[in-house]
Amino acid sequence: MSGVRGPARGQENAPLSAALPEYLPSAASHLLLVLAIRDAGLAPEIAGPLGRLGQVRVRSQGEGAELVFLAQAAGPSRAPLQLLDQLLGGREEGGRLAAAVEIVETRLVPKAVGKALLAQDGPGPPAAAAAMLLPAHDLRIQAGAAFGSGSHPSTRLAITALEELARPGPLPSPVLDVGCGSGILSLVAARLGASEVLGIDVCAQSLAAAQLNRQQNRLQDRVTFSGQPLATIPRLFPLVVANLAISVLQRLLPEIVRHSAAGGHLIVSGCQGRQGERLRALVASRPVTPVAAFREDGWHALLLRHSPGS
């Protein structure tokens with residue numbers, strides 16, 4: 001998380017909307033506000049309007065309350081702060097709410113990955129207030145840019161597909177993550193209920209980053225990373241994930257399908273622009289049936305079902 005941001009000393013009555021840049025930096029996509037409200041009876045007047053912009057949690061603290069607000073802040077980031085300024089009467093002396101509310105914290109939170117998972121680039125734990133609203137199965141990712149931090153569209157699309165597959169219940173096991181990189185998809189699969197996950201990659205540095213991320217998230221008992229070639233793995237998997245460049249995917253797709261159990265699912269991602277057409281042509285020649293397609297910023301991912309009789 002970024003450092004605390006708020007009005008500078010001597011500018012306590014300055015608009016909150018001036019406390020943040022017009023656009024959030026690329027490393028952050030959520031805005032966290034923590035308010036201390038002296039009179040708990042006033043909390044609904046603030047929680048209601050803010051709740052239309054994001055998540056709000058209020059908990060009692062003696063006669064007062066603590067209000068935590070978390071909102072996705074893609075694009076212009078000032079709207080929640082401008083609204084809060086309006087609610088507090090411009091923070092001028094004599095404002096009915098302003099006298100009862102203290103701005104405890106204004107913070108930028110690192111990018112969310114998928115709908116339910118948070119990847120943290122820093123080593124520190126999330127703020128206790130943020131933990132009230134962030135999902136219990138968040139991930140801590142500490143990886144160099146070469147190995148991925150989960151922010152790339154192809155990774156987000158694969159995670160969206162995993163979440164879609166896990167909507168009825170836990171993911172099936174075991175899961176195979178082909179070209180696991182820093183291990184994000186393997187760790188996400190474990191967080192979504194898979195009891196056994198195998199991530200493979202030919203890059204030793206990527207595997208080292210994956211091992212570190214596995215340790216930080218305490219998933220050693222459910223996730224294994226290996227440099228074993230795909231062709232030498234003897235078992236079948238009810239779920240195979242492959243977030244790969246189209247050239248690599250084209251070469252490995254026959255083996256990927258061969259390692260997929262009949263009736264199982266495959267998630268393929270990593271194709272951009274017209275490569276999406278190549279991807280659809282590649283899977284059309286294999287015994288798989290498209291279940292869902294996902295797109296973001298020109299990137300493509302597919303959720304497939306292995307149906308040998310098709």
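1. Helix α5 is largely enclosed by the rest of the structure, because seven of its eight residues are buried. The buried positions are I184, L185, S186, L187, V188, A189 and A190. Just after this helix, G193 adopts a positive phi of about 110°. These remarks, like those that follow, concern a predicted model.

2. As to overall composition, the protein contains eight helices and 14 strands. It has 310 residues, of which 49% count as buried. Among contacts with a separation of 6 or more, 69% are between residues 24 or more positions apart. The accessible surface amounts to about 14,300 Å², and carbon and sulfur atoms supply 51% of that area.

3. Which residues touch the most other members of the largest nonpolar core? They are L162, L171, L239 and I267, in a core of 33 residues. Two or more residues of this core come from each of α4 (153-165), α5 (184-191), α6 (204-216), β10 (223-226), β11 (237-243) and β14 (299-306). There is also a second, separate core; it has 25 residues, including V178, I200, L249 and I256. In soluble globular proteins, nonpolar side chains tend to be buried together.

4. With residues up to four places away in sequence left out, L171 touches L162, L165, A166, A189, L192, G193, A194 and L239. Two of these partners, L162 and L239, are themselves among the core members that touch the most others.

5. How do helices α7 and α8 lie relative to each other, parallel or antiparallel? Two packed helices are described by the angle between their axes and the distance between the axes. Here the axes of α7 (residues 246-258) and α8 (residues 275-284) come within 11 Å and cross at roughly 0°. The two helices are therefore roughly parallel, as angles under 35 degrees are counted in that class. On the α7 side the contact is formed by I246, L249, Q250 and L253, and on the α8 side by Q275, R278, L279, L282 and V283. By class, these residues comprise six nonpolar, two polar and one charged. L249, one of the α7 residues in this contact, is also a member of the second core.

6. G276 also belongs to helix α8. Its relative accessibility is 1%, so G276 counts as buried. Apart from neighbours within four places in sequence, G276 is in contact with C271 and H300. R295 is 19 residues away from G276 along the chain, and their C-alpha atoms are separated by 9.5 Å.

7. P153 is found in helix α4. At 13% relative accessibility, P153 counts as buried, the cut-off being under 20%. Its contacts, leaving aside neighbours within four places in sequence, are with E296, D297 and W299. The C-alpha atoms of P153 and G298 are 8.9 Å apart, although 145 residues separate the two in sequence.

8. D297, one of the contacts of P153, is found in the loop between β13 (288-296) and β14. Its phi is near 50°, a positive value in a residue other than glycine. D297 is exposed, with a relative accessible area of 63%. R218, in the loop between α6 and β10, likewise has a positive phi in a residue other than glycine, near 55°. R218 counts as exposed at 71% relative accessibility.

9. Where is there a cis peptide bond? One joins S173 and P174, with omega of about -5°. P174 is found in the loop between α4 and β8 (175-178).

10. With a relative accessibility of 2%, A71 counts as buried. A71 and G51 are 20 residues apart in sequence, and the distance between their C-alpha atoms is 9.1 Å.

Notes. Residues numbered from 1 in each chain as written. Predicted model: local features only at pLDDT ≥ 70, side-chain atom pairs only at ≥ 80, totals over all residues. Heavy atoms only, no water. Core = buried A, V, L, I, M, F, W, Y, C linked by side-chain atoms within 4.5 Å. Buried < 20%, exposed > 50% of the residue type's maximum accessible area, 1.4 Å probe, protein only. Helix = DSSP H or I, 4+ residues; strand = E, 2+ residues; numbered from the N terminus. Contact = heavy atoms within 4.5 Å. Axes fitted to C-alpha atoms, helices over the stretch in contact; angles between N-to-C directions. Parallel < 35°, antiparallel > 145°, perpendicular 65-115°, else oblique. Nonpolar A, V, L, I, M, F, W, Y, C, P; charged D, E, K, R; others polar. Areas by Shrake-Rupley, 256 points an atom, 1.4 Å probe, with all protein chains shown as cover.
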